[in-house]
Amino acid sequence: ITKFQSQFGEKGAFRLISSDEMNDPEVNPEEGLFSHTDDYIKLTEVARKYAEIHESKLNSKEHYQGLLEISKTDPEIIPLFVKTPDGNLRIIPSHSAEMQITEGSKLVYLGKQITKEINKEET
């Protein structure tokens, strides 16, 4: 609790989306959601099938956004955190594009391992 106090405090709490909100994206709240597509059932099913947490080194903000796009098309990959170079974990909110990515950061995700990564620096 102490480690995540600033993120889980009164003004920094996140929640999972409800099934009603998933069925009607027009009523989704702008703030406070962990994900617009991952509810408790999906998290449980992915954790049951792939009980592993993976880390993928991020080369740039574009690389980060590319990995998030892969996760949006693959229901068995759920992004959880960005791990900063100093080891701190930052929760990826539903508005994930707003995350600051610094050199040496890693994407921490639940589910199957991402095998095809988008990396403009390598192409």
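Modeller: Happy to! This is a predicted model. Let's start with helix H4 and its cover: strand S1 (53-57), strand S2 (77-83) and strand S4 (106-111) are among what covers the buried residues of H4.

Biologist: Which residues of H4 are buried, then?

Modeller: They are His 63, Tyr 64, Gly 66, Leu 67, Leu 68, Ile 70 and Ser 71.

Biologist: And how many residues does H4 have?

Modeller: H4 covers residues 61-73, which makes 13 residues. From its first C-alpha to its last it reaches 19 Å, close to the 18 Å expected at 1.5 Å a residue.

Biologist: How does H4 run relative to S2?

Modeller: H4 lies across S1, S2 and S4, and its direction is at about 155° to S2. There is also helix H3 (residues 40-49), which lies across S2 and S4 and runs at about 85° to S4.

Biologist: Switching to the strands: in what order do they sit in the sheet?

Modeller: The order is S1-S4-S2-S3, with 4 strands forming an open sheet and antiparallel pairing. S1 and strand S3 (89-91) are at the edges with a single partner strand each, so one side of each has no neighbour in the sheet. On average, neighbouring strands are turned by 35° against each other, direction ignored.

Biologist: How many bridges join S2 and S4?

Modeller: S2 and S4 pair over 6 bridges, in the antiparallel sense. Ile 78 stands opposite Leu 110 in S4.

Biologist: What about S1 and S4, how many bridges there?

Modeller: That antiparallel pair, S1 and S4, has 5 bridges. Here Ser 56 stands opposite Leu 107 in S4.

Biologist: Staying with S1, which of its side chains are buried?

Modeller: His 54 and Ser 56 are buried, and they point to one face.

Biologist: Nice. New topic: what volume does the largest pocket have?

Modeller: The largest pocket has a volume of about 300 Å³. It is lined by 18 residues, and Ser 35, Thr 37, Asp 38, Lys 72 and Ser 96 lie nearest its centre.

Biologist: Which elements give two or more residues to that lining?

Modeller: Those are H4 and S2. H4 gives the most to the lining of the largest pocket, with 3 residues.

Biologist: So we're back at the helix we started with. Thanks!

Notes. Residues are numbered from 1 along each chain as its sequence is written. This is a predicted model: local features need pLDDT of at least 70, side-chain atom pairs count only at pLDDT 80 or more; totals for chains, interfaces and linings use all residues. Side-chain values use heavy atoms; hydrogens and water are left out. The expected span of a helix is 1.5 Å times one less than its number of residues. Buried means under 20% relative accessible area, exposed over 50%, partly exposed in between (1.4 Å probe, protein chains only). Contact means heavy atoms within 4.5 Å. Two strands pair if DSSP finds at least two bridges between them. Axes are lines fitted to C-alpha atoms, for helices over the stretch in contact, and angles run from 0 to 180 degrees between N-to-C directions. On a 1 Å grid over the protein atoms alone, a cavity is a set of points where a 1.4 Å probe fits but cannot get out, and a pocket is an open set with protein on both sides within 12 Å along at least five of seven lines; lining residues have an atom within 4 Å of a point. Grid points are joined across faces, edges and corners, and a volume is the space filled by probe spheres set on the points.
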